Amino acid sequence: MAEAASGGGTVQYIQHHLTNLCAGQCDPITHKATGFWALHLDTIFFSYALAALIMVVSWRLGRSLVSDTPSGFQNFVETIVDFVAQQVRDTFPGHNPLIAPLALTIFVWVWLMNAMDLIPVDLLPVLANSIFGIEYLKAVPTTDLSATFAMALVVFALIVYYNIKIKGPVGYLKMFLFHPFGKFFVPVNIVMSIIEEIAKPLSLGLRLFGNLFAGELVFLLIALIGGTMFVTAGLLGGMFWGGLQVLLDLGWLIFHLLVITLQAFIFMVLTIVYLGMAHVEDH
Amino acid sequence: MNITVTLIFQMIAFILLIWFVNKYLWTPVNAMLEDRQKRIADGLAAAEKGKHEQELAEKHAKETLKEAKTQAAEVLAQAEKRASIVVEESKEKAQVEGDRIKASAQSEIDQEVSRAREQLRGQVAEIAVAGASKVLGREIDNKSHDKLMKDLIKQI
């Protein structure tokens, strides 16, 4: 996309890369969703593809588990499973067989969706454009608020469900009325508790989205260095800036490897913690 | 950047994925891990038990060996004692037997000697008589000279 990056095209380049492939209620010029009824086909495609990958791999692995002499890939999966199980054991009070698989799903799926970030920013859009003629493509599903909030809302629904299941409807209501300041501050308590509860899915969804969106943006800016400077600085200067781009990209890539894992981990741990709080009888 | 109907699709995918991971990955892997854990624990316990049993067996073997050694020593001592007794006995027997044989031989010799002497005496008497008769030129009547003969024999 070097031609788009030239001169005043930088904003356009970034704008273009941060636009989803939209279908339905979309703006015909900017290609942004204008209402709720707009499908982000790229988000759906990549997240579904990665989910399918998880399904295929887990289905195949689950059928060929070896107890005595586990092979390389099984060892790898066992390590992840054990790691997640350990997190659940450490932070989750009581027993709920759904929590650990939920946490595992979140960790693996979010990590894979985040890992789309590591693919060179221009590669997939250029391929999609040249092969399928697709104009817009945002390859990282977690840079789409719809994807992060979908998970956050499912977790939120589980939080509410288990709160009501464990504490009972009355107990849950009492939590809103008498928490955190006791029975003399009921109106304040209600406001505080509602904010606290709403903040859970909001922070889950926004944190993941924000981190990945920002990371993607930095990748785009780094990608701009070589192309832009090549135009203005001539051949030798262009080579210098190109080298700088490669160096910076490598640095940010390595750092991002940490970030995507950390974000997947945080989403998972917070889910466990929130659901753990829902399982505690009394605050 | 707004939330769109994509959200619904993502939620459906998420719920399906949780269900799938739970059913086809988490449950079998966890069951396998638990099974392995149990088997390792069992194996370690069995090893511990085996070690204990081995120790017991070793102790038992040592005791048996010690017992056998004492028994063997006892048997050996007894056998030695018995052997010495037997030797002693046979010595005595041999002594007695030897003595007896010596005595019988002695008496036989004596007997033989006296018999020989008797014979010799008779023969000498005969020879004497024969000599005398030759000297006298006539036969000495045995009967008439019987007394004389007997005296002669006795003198020899």
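Helix α5 of chain A (residues 99–115) has 17 residues and reaches 24 Å from first to last C-alpha, close to the 24 Å expected at 1.5 Å a residue. Helices here (H or I, at least four residues) and strands (E, at least two) are DSSP runs, numbered from the N terminus. The expected span of a helix is 1.5 Å times one less than its number of residues. The structure is a predicted model, in which local features need pLDDT of at least 70, side-chain atom pairs count only at pLDDT 80 or more, and totals for chains, interfaces and linings use all residues. Residues are numbered from 1 along each chain as its sequence is written, while chains are lettered from A and ligands numbered from 1 in the order in which they are written.

The model scores ipTM 0.87 and pTM 0.75. For chain B the mean pLDDT (the predictor's confidence in each residue, from 0 to 100) is 88, and 93% of its residues reach 70 or more.

The two chains are set out below.

| Property | Chain A | Chain B |
|---|---|---|
| Helices and strands | eight helices, two strands | two helices, zero strands |
| C-alpha box along the principal axes | roughly 70 × 60 × 35 Å | roughly 190 × 25 × 20 Å |
| Buried share | 36% of 283 residues | 10% of 156 residues |

A residue is buried if 20 or more other C-beta atoms lie within 10 Å of its own, exposed if 12 or fewer, and partly exposed in between, with C-beta atoms placed from the backbone. Chain B has a radius of gyration of 60 Å, whereas a compact globule of 156 residues would have one near 15 Å. That radius is taken over C-alpha atoms, and the globule rule is 2.2 Å times the number of residues to the power 0.38.

Along the sequence, chain A follows the pattern α-α-β-β-α-α-α-α-α-α. Within α5(A), 15 of the 17 residues are buried. For α3(A), the 23 residues should span 33 Å at 1.5 Å a residue, and the end C-alpha atoms are 32 Å apart, which agrees. Among the buried residues of α3(A) are Ile44(A), Phe46(A), Leu50(A), Ile54(A) and Ser58(A). Their cover includes β2, α5 and α7 of chain A together with α1 of chain B.

The largest nonpolar core has 68 residues, and those with the most contacts inside it are Ala103(A), Leu104(A), Ile106(A), Phe107(A), Trp109(A), Leu17(B) and Val21(B). Such a core is a set of buried Ala, Val, Leu, Ile, Met, Phe, Trp, Tyr and Cys residues joined through C-beta atoms within 7 Å. Elements giving two or more residues to this core include α3, α5 and α7 of chain A and α1 (6–136) of chain B. Its largest share, 13 residues, comes from α8(A). Not counting residues up to four places away in sequence, Val21(B) touches Ile54(A), Ser58(A), Pro101(A), Leu104(A), Thr105(A) and Trp26(B).

The contact between the chains takes 37 residues from chain A and 27 residues from chain B. Two residues are in contact if their C-beta atoms, placed from the backbone, lie within 7 Å. On the side of chain B that touches chain A, 20 residues are nonpolar, five polar and two charged. Here Ala, Val, Leu, Ile, Met, Phe, Trp, Tyr, Cys and Pro count as nonpolar, Asp, Glu, Lys and Arg as charged, and the others, Gly among them, as polar.
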